[in-house]
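Welcome to a short walk through this structure.

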Amino acid sequence: MKARLRFSKLGKVRWTSHRDVARMWERALRRAGLPVARTGGFTPRPQMSFGLALPTGCESIAEYLDLGFEYPVRVDELPGVLSPLLPEGVDVLVAAELAGDMGSLQQEVTSCTWEIQVPGVCPSDLRAVLEGVLATAELPVRRERKGREVEDDLRPSLISLNSEESVEEGSLLVAETATNPRGVRPSELAKALGLSLGRACRTSQWIEHGAIRREPLALPVAVVMGEPVSGRAS
Amino acid sequence: MNGEHTDSLWTRIEPLLASVSKPARYIGGELGAQQPDHTPGKVAWLLVYPDTYEIGLPNQGLQIIYEILNERDDALAERAYAPWVDMESAMRAEAIPLFSLESHLAAVQFDVLAFNLATELIATNVLNLIDLAGVPLRSERRSELDPLVLAGGHSAFNPEPLAGFVDAFALGDGEEVVGEMNEVLARWKAAGRVSREGILRNLARIPGVYVPSLYQVSFSGGRLDAVKPRIPDAPARVIKRTIADLAEWPYPRRQLVPLTEVVHDRLNVEVFRGCSRGCRFCQAGMITRPVRERPADQVVRLVGDGLARSGYESVSLTSLSTADFSGIEDVVRTVLDDPNCAEEVSVNLPSLRVDAFTVGLATQVERGHRGGLTFAPEGGTWRMRRVLNKLIRDEDLYAAVEAAFSRGWRRVKLYFLVGLPTETDEDVLGIAELGKACVAIGRRYHPHVTVTVSVGGLVPKAHTPFQWFGQDSVEMLDHKVGLLREAVKPVRGLSLRWHDPRASVVEGLLSRGDRRVGDVIEHVWRAGGTFQEWTEHFDLGLWQDALDACGLSLHDVVHRHRAEDEALPWDHISAGLHRDFLWQDYEQAISEVELPDCRWTPCYDCGVCTGSGLEHVVASAMPPAGGSQGTGQDLPPSKVVSVAIRSVTLESSIG
């Protein structure tokens, strides 16, 4: 049996790395005593697969984990069992059994929505910057890759950029970025746009098939109706 | 997050984290971390490990004290570690002081800063952290408003180099003394923290507590003359504290499980404290006597509870020589057979010795994947090992290595010391010969085996028989490493690693220096020399400049053989060992005379048990299978004496 979990990473724990998160999960699952299946081979590992890595320092309410179990478990009980065993700020928001023929998260996810705090810029000024970028064909960035500086174009990965009012000082940049040709980190997006970066939160990952766009697991209504993500304090 | 302390520095700290390496070092939030209430009735301790988070977090001594203090009604404890250089410069630029990880409070909000001194080279970090805390560097400059600076740990057994910077040292086991200190501190705090002199005098009355400012250091002819108390309250000799029964202290109960990767990232359960094997170079073995075993059933319970609580799948049974634990086979079998642990759990047995392990234990523990195996024969020839009192014959090592390779291991690491008393080039080359022979044994089982020979220069330590011995110079150590490099080069499968002789020399300076070395430490710190135990930051030049500036010589402190009647900087500190015993054992070392393990042979009166009214606490009157030194009960070399260690860590060889 397989299950997919959607979880958050909010507050201080956002400074841990993707690998750290994997280790937290391994320990939490062992503490829960859940019958997580193990991979074969010389060094068996629990059958867990994460979606896109979340950059260290970013928050999220849209992280995913697929788990294999040796025998069926009560999926609806997983959030309540696991959340208390995970560090503060990491909570299981929703869980569902996964059909056997589902592809991996890494392959299926086509884009992400980010909410990025932009301090020092009012929403209308931010809107002007964003419209300017969307009107151009290229958004070149320089970055270091394996010790060498390479030039890259972010523009093909930008699906939409919107400016909104923020509960904090400055404004809120809501960006949808594609995972292909490559994913975009909020930090490099802010840099390319000449903006300073406040907190960044991934609010959705999307799977697009033709005209249908859906989340790997939608949030239950209770979570959606809660306070706005971007306003959360650590 | 809720419950943030009103004085928390977090909102100022967090903006720095995006631009520093490994920001998770600074967030706290570990499983087992406590959120103590800061109330006026509680003495607030900030426990500081003066190295990075990932080195310091696993430290069991700090975690034990952390739990014991937080269980008290009149105390609370939080933790701090040395920020890495990028974070430190960001903090200094923003005027953010050293902070605690639990509440992110400034260090000066605590009554006490208590440093763990696990190694010598962290000395400059201690100064740096006192400064980063915003506390005057020198004890004499501190006022009633400043926190007290305390220290403990193995390096406190020669407290003199740091004596000018630390208000009080606690010597030996901390479990009991920390409570006694807290009672004195609680009264001081309740009375408004007035009179620094008064609190220091009161602390000095507690057995095991050394208050350096209450002692007069005199010199004559450029050498130390004596360290004598200035006042009657301060004892002429401060004797270390020893807990009689480890069973009464089942700590840590809630080992910290970090959110990010650290060294020794597994459950640790201490199976015994102390060691009576009597390896003459080993300070840890000398200063932690006598042997106190934890009852096997308590070990099993701590392992089971700890694994269930932490989610770790690996447990390390720690001690200075774990195979000597009376209940080792039963404990390992019980842990591995526990249905709750299933096949996932692996057991680590660090610090095993080449001459003490049973075939049965090896077979059990090797379950799962096989990493490298480490053995620590320490000396390259049998003669040298008699000098060290590390009584492993060549045949013992070969049998152990054969057992390892025949069971499928492909990598073996061997630890050795050079720069030993009476050592000749022939003894040094014996290291390469042993390595070659081990490769040849391995080839019988597999075409591609590797044997790594790891060599470090002896740093003679206080309270060991070698405390009088002149440490090899950098040139001598370079020569010996050079001999080995040549000898190892033509042998396929044999490789050599060595500890930087320059670092060994500074370790020597800090290990055996007197109070004047404090100025050297301060000089190096002011010149930017922090993180000296990190290869990329270590700089012998800084130390040489500082020595010159202070008019001290390495020769005098480090390289010179000392005379029997010479005053030693730590003569006023006692680990319970008779000075006469140590000198006699030193002479016996030079005469290559062996000394048996007194756990299973008659007492030779080193002074510890007789002086403290204690004795070894061991469950078995018989030495462990596999033999124990000098007891005449070693297995014949023809039998397979297998010593199997899984993914053994560096701590196994250090002594």
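In which sense do strand β3 and strand β4 of chain B pair, and over how many bridges? Select residues 112-116 for β3(B) and residues 148-152 for β4(B): the two run parallel, over five bridges. Here, strands are DSSP runs of E of at least two residues and helices runs of H or I of at least four, numbered from the N terminus, and two strands pair if DSSP finds at least two bridges between them. Within this pair, Phe115(B) stands opposite Ala151(B).

A word on the model: it is predicted, with local features needing pLDDT of at least 70 and side-chain atom pairs counting only at pLDDT 80 or more, while totals for chains, interfaces and linings use all residues. Residues are numbered from 1 along each chain as its sequence is written, chains are lettered from A and ligands numbered from 1 in the order written, and side-chain values use heavy atoms, leaving out hydrogens and water.

Now widen the view to the open six-stranded sheet of chain B, ordered β2-β1-β3-β4-β5-β6 with mixed pairing. Its edge strands are β2 (75-81) and β6 (209-210).

Move on to β7 (215-220) and β8 (223-229) of chain B, an antiparallel pair with six bridges. Gln216(B) has Lys228(B) as its bridge partner, and Gly221(B), in the hairpin, takes a positive phi near 60°.

Finish at Trp543(B), whose contacts (heavy atoms within 4.5 Å) include Thr124(B), Val506(B) and Phe538(B), not counting residues up to four places away in sequence.
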